[in-house]
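Hi everyone, thanks for coming. Let me put the model up on the screen, and then I'll walk you through it.

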Amino acid sequence: MNFLEVNNLCAFYGKAQALHNVSVDVKAGEIIAIVGANGAGKSTLLDSIMGLTTVTGDIRMEGKSLVGLGSAAIVSGGVGYAPERFNLFPYMSVQDNLLVGAFTARSDIERNLATVHQLFPRLEERKNQETSTQSGGERQMVSLGRALMTSPRLLLVDEPTIGLAPKVCSEIAVALRKMRDDLGATIVITEQNANFAMTLAERLYVLESGVVKAQGTVDELRNDTRLTEAYFGH
Ligand SMILES: Nc1ncnc2c1ncn2[C@@H]1O[C@H](COP(=O)(O)OP(=O)(O)OP(=O)(O)O)[C@@H](O)[C@H]1O
Ligand SMILES: [Mg+2]
């Protein structure tokens with residue numbers, strides 16, 4: 001049994017189908033990346049794991065089905081989510097944004113805050129700053145930190161590097177690796193930045209128009225035309 005098993009997942013927005021029989025397996029302690037162009041269905045896949053879309057098929061974590069559970073139950077069950085955009089409360093402080101993430105894990109607040117501050121010391125230095133005045137990289141740190149406040153065993157991160165300079169991307173990669181190595185989290189990221197995905201993840205899934213076009217280890221896919229086709233077309 002894998003830690004996370006997504007089997008024949010179809011996701012729908014009304015009558016429009018955004019995912020077609022998507023299957024993804026993740027072992028405990030792995031970092032995997034879902035790569036694909038705009039509209040490929042990356043966010044839809046993560047939203048579906050969080051119970052935010054209408055689906056058919058199966059999603060299991062440690063053998064237990066997540067389908068049909070509400071998002072709060074999924075978060076309480078150990079799934080943390082750092083969504084892609086517009087996900088912070090802009091006129092609240094860094095600290096309050098982090099505390100919003102703690103609603104399902106109140107007994108772990110002190111420990112989780114200390115972990116977040118250790119990973120991102122700047123969030124402690126700037127804990128009273130409104131997130132609306134932060135840089136994009138700092139906001140991404142708050143977003144990851146808030147997901148950690150839920151004590152996740154599975155961490156889903158939608159496009160962690162979007163709009164960030166290479167130096168900040170490296171800082172985010174270091175933090176994600178620590179979350180796996182030191183905190184034991186299993187991690188699924190989505191990326192349009194295939195280079196970032198290949199430096200961070202052990203395995204990749206290439207998503208195109210809601211279909212898994214290829215999957216494999218970084219070495220297996222490094223020179224695979226399906227990876228480049230997913231971005232540049234055929
Ligand atoms: N709330 C929604 N209502 C209707 N259609 C939607 C909704 N959200 C997404 N879609 C459609 O589902 C498909 C997949 O979108 P999704 O946001 O998952 O792609 P993505 O890979 O995350 O793209 P991006 O890289 O631009 O974030 C697209 O065709 C999109 O238009
Ligand atoms: Mg998206």
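**A tour of the model**

Let's begin with contacts, meaning heavy atoms within 4.5 Å: among those in the protein between residues at least 6 apart in sequence, 68% join residues at least 24 apart. Before I go on, please keep in mind that this is a predicted model, where local features need pLDDT of at least 70, side-chain atom pairs count only at pLDDT 80 or more, and totals for chains, interfaces and linings use all residues. Residues are numbered from 1 along each chain as its sequence is written, chains are lettered from A and ligands numbered from 1 in the order in which they are written, and side-chain values use heavy atoms, with hydrogens and water left out.

Now the overall picture. The secondary structure comes to 10 helices and 10 strands; these are DSSP runs numbered from the N terminus, with helices being H or I of at least four residues and strands E of at least two. The C-alpha trace spans about 50 × 40 × 35 Å along its principal axes. For 234 residues, a compact globule would have a radius of gyration near 17 Å, and the protein agrees at 17 Å. That radius is taken over C-alpha atoms, and the globule rule is 2.2 Å times the number of residues to the power 0.38. Of the 234 residues, 52% count as buried, where buried means under 20% relative accessible area, exposed over 50%, and partly exposed in between, with a 1.4 Å probe and protein chains only.

Ser43 lies in helix α1 (residues 42-49) and Glu84 in the loop between β6 (79-82) and α3, so the pair ties together parts 41 residues apart in sequence. Ser43 is partly exposed, at 23% relative accessible area, whereas Glu84 is buried, at 14%.

Let's stay around α1 for a moment. Lys42 is found in that helix and is buried, with a relative accessible area of 4%. Beyond its neighbours within four places in sequence, Lys42 has contacts that include Gly36, Glu159, Thr190 and Leu207. Ala40, in the loop between β3 (31-35) and α1, is buried too, at 4% relative accessibility. With neighbours within four places again set aside, Ala40 touches Ala18, Leu207, Glu208, Ser209 and Gly210.

Next, helix α4, residues 109-119. Its buried residues are Ile109, Asn112, Leu113, Thr115, Val116, His117 and Leu119. What do they pack against? Their partners are α3 (94-100), α5 (121-125), α6 (136-148) and α7 (166-181).

Finally, two backbone spots to look at. Most residues other than glycine have a negative phi. Asn8, however, has a positive phi, near 50°; Asn8 lies in strand β1 (residues 4-13) and is partly exposed at 43% relative accessibility. Glu62 also has a positive phi near 50°. You'll find Glu62 in the loop between β4 (54-61) and β5 (64-65), partly exposed with a relative accessible area of 35%.
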